[in-house]
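Please go through the predicted model shown below.

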Protein chains: 2
Amino acid sequence: MKLKYVSTLVVSCFIAFSAVANNAPNFDDEDLKVAAQLRDKALDSSLDYDIVESLTTEVGPRMAGTPGDAAAVKWGVAKLEELGFDKVWTEPVTFPTWKRGVESAEVLSPYPQPLVITALGFSVATPEGGLSAEIIEFEDLEALKAAPADAAKGKIVFIKNRMERARDGSGYGPAVAARGQGASEAAKKGAVGILIRSIGTDSHRMAHTGVMRYEEGITKIPAAALSAPDADLLENMIRRGKPVTVKMTIGAKNGEEYTSHNVIGEITGSEKPEEYVIIGAHLDSWDLGTGALDDGAGIGITVAAAKLILDLPERPKRSIRVIMFANEEQGLIGGKAYAEAHKDDIKNIITAAESDFGAGKIWRIDSKVKPEAIPAVKQMADVMAPLGISYGNNNAGGGPDLIPLRGKGISVFSLRQDGTDYFDYHHTPNDTLDKVDPESLKQNTAAYVIFAYLSAQMNGDFGTGFNQK
Amino acid sequence: MKLKYVSTLVVSCFIAFSAVANNAPNFDDEDLKVAAQLRDKALDSSLDYDIVESLTTEVGPRMAGTPGDAAAVKWGVAKLEELGFDKVWTEPVTFPTWKRGVESAEVLSPYPQPLVITALGFSVATPEGGLSAEIIEFEDLEALKAAPADAAKGKIVFIKNRMERARDGSGYGPAVAARGQGASEAAKKGAVGILIRSIGTDSHRMAHTGVMRYEEGITKIPAAALSAPDADLLENMIRRGKPVTVKMTIGAKNGEEYTSHNVIGEITGSEKPEEYVIIGAHLDSWDLGTGALDDGAGIGITVAAAKLILDLPERPKRSIRVIMFANEEQGLIGGKAYAEAHKDDIKNIITAAESDFGAGKIWRIDSKVKPEAIPAVKQMADVMAPLGISYGNNNAGGGPDLIPLRGKGISVFSLRQDGTDYFDYHHTPNDTLDKVDPESLKQNTAAYVIFAYLSAQMNGDFGTGFNQK
């Protein structure tokens, strides 16, 4: 009896192991070799940088719903066609728009001097002629929430929390809540306006914009960010103990509904053309900079990676789609539109990765795949090892525009970039081409081409059914 | 004969040597000891930083002729009185004024996008509604000068020369000529406007202002600086070979004549009160930043150094004057006014040094003194040696506001600061308190207190009659 049990167990184990060994996704040696060649070609090419240079020079700022948005879509189609993608098309993406108007602020008393601010995306305007009120300071959003009901009555709330610098950008999440929810929380305490310390890690005199949302049923008050030096200045004034009165003027307003487009370029697979790998980035930017880091770099990296595959003598087995997502900044609208438009076809998406964290080098690859596919991911990571990239974990997010697709179950990868400096420039006028290091960009492209090519060639699949709601 | 000659020579040499030894300026050992104690006290005090914080917070921008100028003078008098100077007074300084108005620019074609500019000081306005013209690019001012007479007819000149980064700021001189003379040189070639690459070493999206001058008899055309990333952008557009048309709008204008004041605080000497040492900095700033580095740091350093001497149990032998010069930025007006007002009393100025190069550490002390005084300067430098400061040479300039006094023959010192980063912030909105390193400031104050105290105590003098025209 005992023996029989052991024997059965051994046999069962053997069967289980064989099953894994036989069905586990993997890569042909030849494909691994080609991936390594593509990696080395990427390190030799400046196409990625040239694409970012082209986008930032010929289009520049391209906030959703502006003429720059339309110019970017036109640019994207032309660029993909020029590079010889097998298919190039656009898909409509419709959204509400917001227009930045005048924006200024100044301390009226006790120490009159100007302040550098920028309106947060979707802020309402101040009354004509500006809004003047005393400042009330809060350490952070939590302190504001904890304050008594009329704590800020008639005042302008100032939230002074500072974002922490980190390679993985992990300081952003805790800090950014003040931007997203601050206005409605301040209004609940009776405030007439809100100024937050910019969500950023720099100390330059430029304020960081970014989207905010008003809570349903709460008075909408104008919301803006102060540059870090101006937030310091306000703190220093407040510390002196006299009431500090500030005037803020914001001329922002909501615009008409607008239809932009996701721009898609396809390398059509030779064996299973209906199955495809997604790589991509978002094509829109904020209006203040030229969107070189956010997300011109991602466009350059993913388009250049695809171009290396286009230049191979043969098409890969599966298709590869480069998606330039519309309007990520104001609510992942392009990503949502893609997921909705392709909801009946989700099973054909082999996997996906978006580049949207600037131009810093990739240091880690994370996956969200079925457990049996992890050995294959590690094979992929081995090809990336000479780039200084190692395998991390199986908790990848994939990128903001992939959240809606993730919600429908697709596997994703995160090629994690060094974002130590990313939030120095993020959503400011300072997001310009000079911040993009061409060598780092090549390293990114090398990693993406490995990812895209091997995923298109793999034996087996990465699984599906993840993150489904 | 031969012997007699030798003997005479020996005697002559002996006499000459004795004369030097007897009359050569020097310091008592006790004074050198006190100087070392003052140095160490300076390293323990944050008064210098507190003064910069006070000036930038309570006054902020203080461009000559603005309400900030008046507030700064009031602040300066109050600060010197509060610190217990023996005498505090002001002397009038009268000058023409200039007001910055609106300023904006954009590329109209072929790639419409905004540009970040700032008007140069004393630029005229563009016509109402802005000035639109094709750009013509020049490598530098020399290339513009060498161009044919109508090379820029009807166009906006763009001078793209880049300032080199250097510890001693030596890149500034060659680069800044484009700012000072560019407009008139461009007008001579028929230009209707001029844009220069900012005279700075940074790559941030802020333009550097600074004064320019129109040549007599030449058409005055509007002049502005582009931020470095915008200059890059324009270069990248021009390289594509299509005509680039830019619209620039400048609303600047000249104002009324204004009278500001040099603010002077004196420590009155105990033995020779009529003789005095000058230390100082300029109180005005440009309007864009809060003038923390230019020249709040100099104010903080020199006032804090004097305060350490005020706190000694006895007054020094000679007087020490801290001068906060008015309107340095628009033509050394405060320095000229001081030299003119005190022209009959120049012989009483023992020596002088101005701090006007930001907040970087001092690495060298240079003098402009009579040769016999150089050993004394080296004694002084020895007290500074623990600060990392060594003696340089006898070609000191002394600082911009001392140029007019130098013209009248006074000896001067240059306590040379590390200016590697200074031109990253110079004349931009980014010249704010966060750029001031408190520890570097202490090192500066330590050097200035040694200089001021020993100069006030010295036996003999540094000589006079230098740099006279």
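At 0% relative accessibility, does I301(A) count as buried or exposed? I301(A) counts as buried because its relative accessibility is 0%, where buried means under 20% relative accessible area, exposed over 50% and partly exposed in between, with a 1.4 Å probe and protein chains only.

This is a predicted model, in which local features need pLDDT of at least 70, side-chain atom pairs count only at pLDDT 80 or more, and totals for chains, interfaces and linings use all residues. Residues are numbered from 1 along each chain as its sequence is written, chains are lettered from A and ligands numbered from 1 in the order in which they are written, and side-chain values use heavy atoms, with hydrogens and water left out.

**Confidence**
- The average pLDDT of chain A is 95, and 95% of the residues score at least 70; pLDDT is the predictor's confidence in each residue, from 0 to 100.
- Residues 1-21 of chain A have a pLDDT below 50, and this stretch has one contact in the model beyond near neighbours in sequence (contact means heavy atoms within 4.5 Å).

**Surroundings of I301(A)**
- I301(A) lies in helix α8 (residues 292-310) of chain A; helices are DSSP runs of H or I with at least four residues, strands are runs of E with at least two, and both are numbered from the N terminus.
- Neighbours within four places in sequence aside, the contacts of I301(A) include D48(A), L441(A) and T445(A).
- T57(A) is 244 residues from I301(A) in sequence and 17 Å from it in space, C-alpha to C-alpha.

**Helices α3 and α13 of chain A**
- The axes of α3(A) (residues 47-58) and α13(A) (residues 438-457) are 8 Å apart, at an angle of about 115°; axes are lines fitted to C-alpha atoms, for helices over the stretch in contact, and angles run from 0 to 180 degrees between N-to-C directions.
- α3(A) is therefore roughly perpendicular to α13(A), a label for angles of 65 to 115 degrees.
- From α3(A), D48(A), Y49(A) and V52(A) meet P438(A), L441(A), K442(A) and T445(A) of α13(A).

**Helix α9 of chain A**
- Buried residues in α9(A) (residues 333-341) are I333(A), G334(A), G335(A), Y338(A) and A339(A).
- These buried residues pack against β1, β12, β13, β14 and α11 of chain A.

**The two copies**
- Chain B is superposed on chain A by a rotation of 180° with 0.0 Å of shift along its axis (RMSD 0.0 Å), using least squares on the C-alpha atoms of residues with pLDDT of at least 70 in both.
- The two copies are thus related as by a two-fold rotation axis.

Definitions and conventions: Parallel < 35°, antiparallel > 145°, perpendicular 65-115°, else oblique.
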